[in-house]
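I went from the whole chain to single residues.

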Amino acid sequence: MTDRLRQIIADAGAEVGPEEIADILWLARVMPSAPAVGTGTARPEHTPEPRPAPPLPPRRTPPTDGLLFTAAPPRPDPASVPQPRQPLGTGRRGSPVRVTRARALDEPLAILRALRPLGPRRLPGNRPELDEEATAENGLDHQMLTPVMRPAREPWLDLTLVVDTHRSMLLWHDLVAELCALLARIGLFRTVRVWFLRTSGDANVTVSRSPGGPPENLATGHRRGLVLLVSDTVSEAWQLPALRAAVGEWCRHSAVALLNVLPERLWERGGVQPVPRLVRAPLPAAPNSTWNRAVLPVVDASPAALAALATVVSGSGNHHLPALPLDADWSTGEPPAGPRTTADDDGDALRAVRRFEETASPAARELAGYLAAVPLTLPVMNLVRRAMVQRSDHGHLAEVALGGLLEPWEADGRTDPAFLEFAFRPGVRDALLGGQLRREATAVRELVHRDVATYLDELRGTRDFPALRHSPGEDGTHDIALTALPFARTASVDPDGSQPTYRSIAAVLRDAIASGDLVAGDRLPTQAQLAEHFDVSISTVRRALGELEVWGLVDRRRGASAKVVAVGAARETATARSIQVHRSESPLGMAVGTAFEATHITIDAVIADETPLVSALRTQLGRITERVVRPGSVRVRLLLMGGGTGNGIDDVRQRLVAALPPDAPVSFTVRRAAAQPPLELYLFNDRTVLTSYVHFPGGSASELFPQPEDRLQETRSWFESWWTLYADG
């Protein structure tokens, strides 16, 4: 009975869950039936036939397979594009596209919070700055306004990253690159330098400023500094006394730590085995030789481990950290479990897979099966890990790479690591597809291609990598090798890949509404039906319906499919917004509208009431929807003073995120202060300044007036000082 009821409701176009089904059955039991009216045979009333359910909108373009392949390294001659066809062509051609990279580094924001003890400090000798609060209190006490100065908060620590260049570190190229970029741009450190560590043929260890550069001396000790040695400890260098001697020399002049890119649970696969020690530094950034124990601390890239290291280096306290002694041998006596340099002659592919399964974690075994369906390049392996095994970390990829399943690889400094393709040992790929996952290889590939495409459609990021999209017929500009494996199958809604799939689906539905195929009051097909029709996931359909809701074309309610609202009114509203744009009578509306005509938008404001700004920002949503403006990024910093509530700010932020492309970052930061602002201030794109004075505490601000350009620097400094003052508010 319940299944039949669910089918009837589904045929009616509604979406209900178990809770809604239970409510329907309960109401049917407790509600009295309608009493009969009159006697005899009732004459049926004439009821108009319901409008038939609207048909599914057609796809905008004929379906194509939309397969994505990895691209070959660029040719030395940049003029050789497009590539000429090879004499023995494969018959498959593709067009170049850029695919968003999946993030390799886990929890970057948590890492920033963990390193906060190493950030800017107020130290003697820093440049002076005005202490507004102390100045105000001093003026009240002495009835005279006298500036009170204090040392400014400035970075105090130099960071040097020394990256191991062993061939095993190619697996962590993206992770290390993201970590270096993160530490360089966050502003915590005075300087950030990147050096490279390599082992020469005579068992010497050298460092240089570039991966293949000449050996140089790493200067340390002239200022407060921290040296992070980044490695997986798989290199043979960790068995050499030369490396311990070099690190010991650095530890006599600076604070030094080993950042192991492998999670701590996999450290036993490396060439060293640290032991927990309680360590304490006598001063901030004190050299390791002056600590309570002369050791080299070892941490992984997790926020907890980095927070413990930051506590010790900053001199804020002691902590138990895994460490290597500076006065003893680091070698474990066993060679590190790095990538194999020769094939295993004792067994075949099935034995290799069996040995891997005996030692690997469940997530690593699952990941290995999925990786067998795609080409093994770094960007693709990260994509598959993120899309298919969401609970995994980069350590599970390390288990696969170091588990004896791959052929040995070598570092080539001339080739971009994004193009380096790893290879399974002969027979391993087929064994993983057919044995471990217990399903047909074709089904596994289709599962991976679909889920990776769905993940890509929802992925937001600024980094990408080159790929080839398979073109039907002879339309492509690049040959695709006959043996090449695809890694994703994109939806056929937008085959040229000019916009995300969910935006293409939203555009198709919007066109159906505009053409009259869908009228006000119609209900769209269910999310499951739309997902099947467009060959996408339900989450992609949800984002498309969210776009339509932002445009004011549909209304969504829980338990029912989306309903088309008053189309004419919605289109008139959107058209009016696009025509009238931002030209309201207020200076604030005009300034916000002008600011949104730039590519990168910044808004800094000190205000007591956020309502006018929220209203002006909402006006810009219509301009973005109608493609009148297309910002590349939006960054807003608001200092709400005098009891501002901040209502509506988060709603505007969410709508901006939904309206802008995935690669357009949107940042809203709000700080609050109880004091009434002496004036309200707006700074747009670091160029336009609007101010108004508040005449008395609790009163409203006067009209906003633009300020001349010669006041720009003064206004910017004033805002930054107040923003820093209320950093902890």
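The entries below follow the order in which I looked things up.

**Ground rules.** I am working with a predicted model, where local features need pLDDT of at least 70, side-chain atom pairs count only at pLDDT 80 or more, and totals for chains, interfaces and linings use all residues. Residues are numbered from 1 along each chain as its sequence is written, and side-chain values use heavy atoms, with hydrogens and water left out.

**Whole chain.** I listed 21 helices and 27 strands; these are DSSP runs numbered from the N terminus, helices being H or I with at least four residues and strands E with at least two. Of the 729 residues, 47% count as buried (under 20% relative accessible area; exposed is over 50%, partly exposed in between; 1.4 Å probe, protein chains only). I then took contacts (heavy atoms within 4.5 Å) between residues at least 6 apart in sequence, and 77% of them join residues at least 24 apart.

**Helix H11.** I found eight of the eight residues of H11 buried. Among them are His 394, His 396 and Glu 399. The cover over the buried residues of H11 includes helices H5 (173–185), H8 (349–359), H9 (362–371) and H10 (378–388). At the start of H11, a side-chain oxygen of Asp 393 comes to within 2.8 Å of the backbone nitrogen of Gly 395.

**Helix H6.** In H6 (residues 241–251) I noted Leu 243, Ala 246, Val 247, Gly 248, Trp 250 and Cys 251 as buried. The buried residues of H6 pack against strands, including E7 (158–164), E8 (191–199) and E10 (225–231).

**Cysteines.** How many disulfides does the structure hold? I counted zero, a disulfide being a pair of cysteine sulfur atoms within 2.5 Å. Cys 251 has 0% relative accessibility and Cys 180 has 14%, so both count as buried.

**Rings.** I counted five aromatic pairs (Phe, Tyr and Trp rings, the six-membered one for Trp, with centres within 6.5 Å; planes under 30 degrees apart are stacked, over 60 edge-to-face, the rest tilted). One of them joins Trp 409 and Phe 422, with centres 5.0 Å apart and planes at 85°, so I filed the pair as edge-to-face. Trp 409 sits in the loop between H11 (394–401) and strand E16 (421–422), while Phe 422 is in E16, 13 residues apart. Trp 409 is buried at 6%, and Phe 422 is buried at 3%. Separately, Arg 637 lies over the face of Trp 723, at 5.4 Å from the ring centre (NZ of Lys or CZ of Arg within 6 Å of the centre and within 35 degrees of the ring normal).

**Backbone check.** Most residues other than glycine have a negative phi. Thr 233 has a positive phi of about 60°. I placed Thr 233 in the loop between E10 and H6, buried at 1% relative accessibility. Asn 685 also has a positive phi, near 55°. The loop of Asn 685 runs between strands E25 (679–684) and E26 (688–693), and Asn 685 is buried at 9%.

Key: Polar contact = N/O pair within 3.5 Å; in protein donor to acceptor, adjacent residues only side chain to side chain.
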